[in-house]
Amino acid sequence: MKIWLGVILVSLFLTSGCTQIGISANNSIDALMDVELGGLQTPSLTATITTTPTITATSTITTTPFLPNTATPTSTPSITPDPDKSQFGPGPVLFPILMYHHVVPYNGSGSQYAVTVDQFSRQMKWLKEQGFQTIKVADMVEAIHEGKLLPNKPVIITFDDGFRDVYDNAYPILEELGYTATMYLIEGVINKNPYVNDENIDDLIDAGWEFGNHSRTHAYLPGLSNLDDEVCASRQRLIERFDLAFDSFAYPFAAKHEGSMQAVKDCGYTSGAGNGSFTIHIEDRLFFFSRREIKSYFDMQRFITTVTDVR
Ligand SMILES: [Zn+2]
């Protein structure tokens, strides 16, 4: 009996991964993305037409170089001391937060939660070419509350569950690009296969990665009467074990539930990671902030749309 229950549980876990339970929400995101993709195609055609008139405009500008000599220096230089950074917040901030689970050499099972090394590498290189710089969840929280100078094009890359393949495959790619990420650990499975061990975590800490808690056992929190061990006691153990702030909590299965959110607030976390389609992040959503999941079946265009779509 116990064995069968185990088999069922394991197969449930494998098929559901840890994305949001609630098919309607996922479907609506997909639908929105599809609409966005369709909408993107037409403007690019008209854009080429508008480029021609600008050629005539340049000739008129070159004729007046001497006139504003005294007027120009006063306003511009003092405003932007660092051209690579911009002020974000206080208040709403806009940038993508991406969610991954596995990064594997070959996705044999076809799981939507496992991107290949090749996919991940192309995605990260694209981000780099576009000028994106990685920031931490803590940066977002600070920016929303107090305002913060951040890279002009921030992105937060998150990995749920703390799989060893992320350390083996994603970490070297990110390291080479000068990127860091945020990993949400399941406290009770650290050092167990196929999860990261203490040494891996120490390496990632040294590399500047951020860590959050993803509960003790990856339990479905809405079904629990006592959340303390999953949410709070596990956080305390992580803090003591790694001498690191664990200020963000990722809800297992991205299950949105008032009681869980309250427990996360009560425990002293400063944010809660869920999933959703927003790229605009606000104080009211800090305890279930939106992350967009990058699924294995996304092609590059779908990835680009997922990163750049503003909502
Ligand atoms: Zn998870």
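This model is predicted. Helix α6 is followed by Gly178, whose phi is positive, near 75 degrees. The exercises begin with that helix.

**Exercise 1.** Check the span of helix α6 against its residue count.

*Solution.* 
- Helix α6 covers residues 164-177, which makes 14 residues.
- The expected span is 1.5 Å times one less than the number of residues.
- At 1.5 Å a residue, α6 should therefore span 20 Å.
- The C-alpha atoms at its ends are 20 Å apart, so the two values agree.

**Exercise 2.** Find where α6 bends, and which proline follows.

*Solution.* 
- The bend is at Ala170 and comes to about 40 degrees.
- Pro172 follows within four residues.

**Exercise 3.** List the buried residues of α6, then name what they pack against.

*Solution.* 
- Val166, Tyr167, Ala170, Tyr171 and Leu174 are buried.
- Residues three or four places apart in an α-helix point the same way, because each turn takes 3.6 residues.
- The buried residues of α6 pack against strands β4 (102-104), β8 and β9 (182-185). They also pack against helices α4 (117-129) and α7 (198-206).

**Exercise 4.** Trace the contacts of Met183 beyond its neighbours within four places in sequence.

*Solution.* 
- Met183 is in contact with Phe159, Gly162, Val166, Leu204, Trp209 and Phe211.
- The largest nonpolar core has 65 residues. Met140, Val166 and Met183 touch the most other members.

Technical notes: Residues numbered from 1 in each chain as written. Predicted model: local features only at pLDDT ≥ 70, side-chain atom pairs only at ≥ 80, totals over all residues. Core = buried A, V, L, I, M, F, W, Y, C linked by C-beta atoms within 7 Å. Buried ≥ 20, exposed ≤ 12 C-beta atoms within 10 Å, placed from the backbone. Contact = placed C-beta atoms within 7 Å. Helix = DSSP H or I, 4+ residues; strand = E, 2+ residues; numbered from the N terminus. Bend = angle between axes of the 7 residues up to and from the residue.
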